Amino acid sequence: MMEVEEGNFDEAYDVYACMQCGKCTGSCAVSLRSDLNIRELMRIAILNKNEDLEKHEEIWDCTSCGICTVRCPRDLKPAEVIIGMRSSLVEGGTIPVTVRDALESVGTNNNPWGRPKSKRAEWLEDLDVKVKNISEGEEAEYLLYIGCTASYDPRIQSVSRAAINVLTKLGVDFGILGEEEPCCGSEPRMMGETGLFEMLVEDNLTLFDEFGISKIITLSPHAYNTFVNDYPECAKRLKEDDVEIPDIELEVKHYTQFLEELIDDGRLDGEMMNEFSGTVIYHDPCYLGKRNNIFEPPRKILNIIPGARCIEFDRREDRSLCCEGGGGRMWAEGTGTGERNAIIRVNDANQDGANVIAVACPFCLSTLEDAHVTAGYEETMRVMDIFEILDEVLK
Amino acid sequence: MTVYILAEHRRGELMDVTFESISAARRLNDEVVAILLGTDLADHAEKVAKYADKVLVVEDERIENNTEAYTQVIGEIIKKDKPKVFLMGNTSMGMDIAPALAIDLDSPIATDVVGISEEGGRIKVNRSVYNGKVLSDLVLREAETSVIAIRSGEFSAADLEEKNGEITKVDSPLKETIENKKFLEFVEPVAGAVDITQADVLISVGRGIKDKDNLPMAEELADAVGGVVSCSRPVVDYDWLPKDRQVGTSGKTVKPKFYLAFGISGAFQHVAGMKGATMIVAINKDIKAPIFSVAQYGIVDDLLKVMPALTEKIKELKS
Ligand SMILES: Cc1cc2nc3c(=O)[nH]c(=O)nc-3n(C[C@H](O)[C@H](O)[C@H](O)COP(=O)(O)OP(=O)(O)OC[C@H]3O[C@@H](n4cnc5c(N)ncnc54)[C@H](O)[C@@H]3O)c2cc1C
Ligand code: SF4
Ligand code: SF4
């Protein structure tokens, strides 16, 4: 990642190596239903024709799923080129109003949802168990990083509560940051707000250092990805620019990885659970799957749940159909027409005979929850985060 | 105290804000001089001269529609004539020109001004802050010239005194053609587009409206109360209403005085776009719908019954 001055895409992303094969567009999660043509954008970058970028409204259609980068035979990073293009649009101020509002809100409220910081921990109110708050001086081995969406969206808050219940039952020594929890910066970065992202990296690493946090479990694959992949790179760059950043090594796991370890250690098994009834289909989130090759842990968890009949989508793992929830798409509808991917996904699940779609990402939960109602499966199908399923079955 | 104002015109039409600027300038008494820049200005000059003490006309096609050129030319005129105040509309043009001018002249500036007066030789303005929630009075520091941009529609031009001032042609002080900023085209808003963010009353419908055929019912209610129909995302997904009617985090954020939510459950993404409304009334057949937690008033009933009854009642009250 790099801040892109107008006209230096070639240097920042090595775009000259692009041979215009079009494999990126062929893999793209949204090009079927929108004008987004990543190969064409690569060409614009090669020719340095950036002055017309604002006419390419479809730049905001990209979900940052990352599959174009995975598939590029030249090992280029087309998904990063889009972020660079968004960056120059952010610099120029020509961005969708909803994206602007979300970014502004990160600056003022430390979350992109326009909600006050003081309400970030409201989801805790309905909980029966006591949770350690690391920001109030309590000590814990792990920080459970909730994230903005799971803190504020009432539907997703249920995942946060399920996580607390499950981890407590499993005897994990963990705490949260409550109102002090910051935005991880993943979405601002994907929306091209490079400067804001850098600021968050600096602030957040300082905050983690202050509270002695070194082990983090995340609910969201987006937070996981940014902590693991973007933070170290950004911190290194900031240090080179003489910004003072604490030297801390973070050990970050997505919660499915953490739970897999508990299974391996014999601390989580089917014996501890009541019978679940349902045919469960797992939807791979792009930020675990395509971007980080994490396919097994969620499946391992689902497979030990007694009574859960686990089936698979035809399009799974690194071919999983993106739900269109990432890359700022929570705040930008995009130019797409026709059926949303999420609708296609719930229809596929229905056809495969599933009555539970299991997810491991707050954005997937948002989009698929909405789609399963729109497609008419409200009565026959449930969309559940894996933590919610566990909360339901754990004795 | 001499006040210079900018006579704004676009596509051959003088803008109302020109006369509103004269009206605002009159509150500071004395002489009002209008600056008119661009091409084909004869007609405009006459119209403005009717109410101004003097009109300065600079005919130069390099200035037409180019705010950068405007800024430079106005700057030159002000540096020469040193009026106490330069005033213009806080329009899209004003937002471009006024701040840049203030920087060039090292002048104090007040934008989006809704009130103006003179107090002991100093200029006092009133402007709203915090999204219109607070009005603040500001006194500008002493300066050769102060720059003020007024909000359009705030200063009535209804009772302007006739002055029939003189029209003076001035040679263009623009040194060279502006290269770094070019006027490309005017983009018209899509015909028939409705701006739901500007409406005081929104009749908002959700999936609960069930069928496209029920939409005229909502339109009828909107007509009766003088409001506009907006909606939740599924209504757009079903193609029942265009995208620009969608309220929510990925649609529009609205702050009407009155928001009626018919058959909207109150999902997070929807509520985030409308919770700033002054008064929210929800109509939903499900008493547990989350929309009721943000609504001041609620009706638990079938919207297909409530909507026509409401329309009927409003029409009755109005007649
Ligand atoms: C990335 C993303 C972005 C989104 N952005 C937005 C957005 O900007 N705006 C938005 O609105 N949504 C948005 N959504 C969708 C949102 O999550 C909800 O799915 C949506 O708002 C639900 O719309 P609704 O309330 O109309 O439908 P539903 O949730 O289905 O609610 C329908 C309601 O109508 C009631 N009802 C049914 N019949 C009747 C009747 N006869 N009389 C009275 N009441 C009745 C029901 O009780 C129910 O409460 C977004 C979703 C995602 C994933
Ligand atoms: S896949 Fe790689 S090489 Fe091929 S067009 Fe896309 S960016 Fe260029
Ligand atoms: S990141 Fe995904 S959505 Fe974006 S251009 Fe690449 S393939 Fe398309």
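Predicted model: local features only at pLDDT ≥ 70, side-chain atom pairs only at ≥ 80, totals over all residues.
Strand β8 of chain A covers residues 356–359 and runs parallel to β9(A), to which four bridges join it.

These two strands belong to an open sheet of four strands in chain A, with the order β7-β6-β8-β9 and parallel pairing. The edges are taken by β7 (308–311) and β9 (382–385) of chain A, each of which has a single partner strand, so that one side of each is left without a neighbour in the sheet. When direction is ignored, neighbouring strands of this sheet are turned against each other by 35 degrees on average.

## Aromatic pairs

Over all chains, the structure holds 11 aromatic pairs. One of them is formed by A:Tyr142 and A:Phe258, whose ring centres are 4.9 Å apart and whose planes stand at 70 degrees; because an angle over 60 degrees counts as edge-to-face, the pair is assigned to that class. This pair links distant parts of the chain, since A:Tyr142 lies in strand β2 (residues 142–145) of chain A and A:Phe258 in helix α12 (residues 255–264) of chain A, 116 residues apart. Both A:Tyr142 and A:Phe258 are buried.

A:Phe227 and A:Tyr231 also form an edge-to-face pair, with 5.0 Å from centre to centre and 85 degrees between the planes. Because these two residues are four residues apart in helix α11 (residues 221–240) of chain A, about one helical turn separates A:Phe227 from A:Tyr231. A:Phe227 is buried, as is A:Tyr231, and the two belong to one aromatic cluster together with A:Tyr145, A:Phe197 and A:Phe208.

## Arginines over ring faces

Two arginines are placed over aromatic faces: A:Arg291 lies over the face of A:Tyr287, at 4.7 Å from the ring centre, while A:Arg345 lies over the face of A:Phe313, at 3.6 Å from the ring centre.

## The shell around ligand 3

Ligand 3 is surrounded by 13 residues, of which the closest are A:Cys28, A:Cys62, A:Cys65, A:Gly66 and A:Cys68. The elements that contribute two or more residues to this shell are α4 (67–71) and α5 (78–92), which belong to chain A.

Sorted by class, the shell around ligand 3 comprises 10 nonpolar and three polar residues, and no charged residues are found in it. In reading this composition it should be kept in mind that Cys counts as nonpolar and Gly as polar, as both residue types occur among the closest residues, including A:Cys28 and A:Gly66.

Methods. Residues numbered from 1 in each chain as written. Chains lettered and ligands numbered in written order. Heavy atoms only, no water. Near = heavy atom within 4 Å. Phe/Tyr/Trp six-rings, centres within 6.5 Å; stacked < 30°, edge-to-face > 60°. Buried < 20%, exposed > 50% of the residue type's maximum accessible area, 1.4 Å probe, protein only. Lys NZ or Arg CZ within 6 Å of the ring centre and 35° of its normal. Pairing = 2+ DSSP bridges. Axes fitted to C-alpha atoms, helices over the stretch in contact; angles between N-to-C directions.
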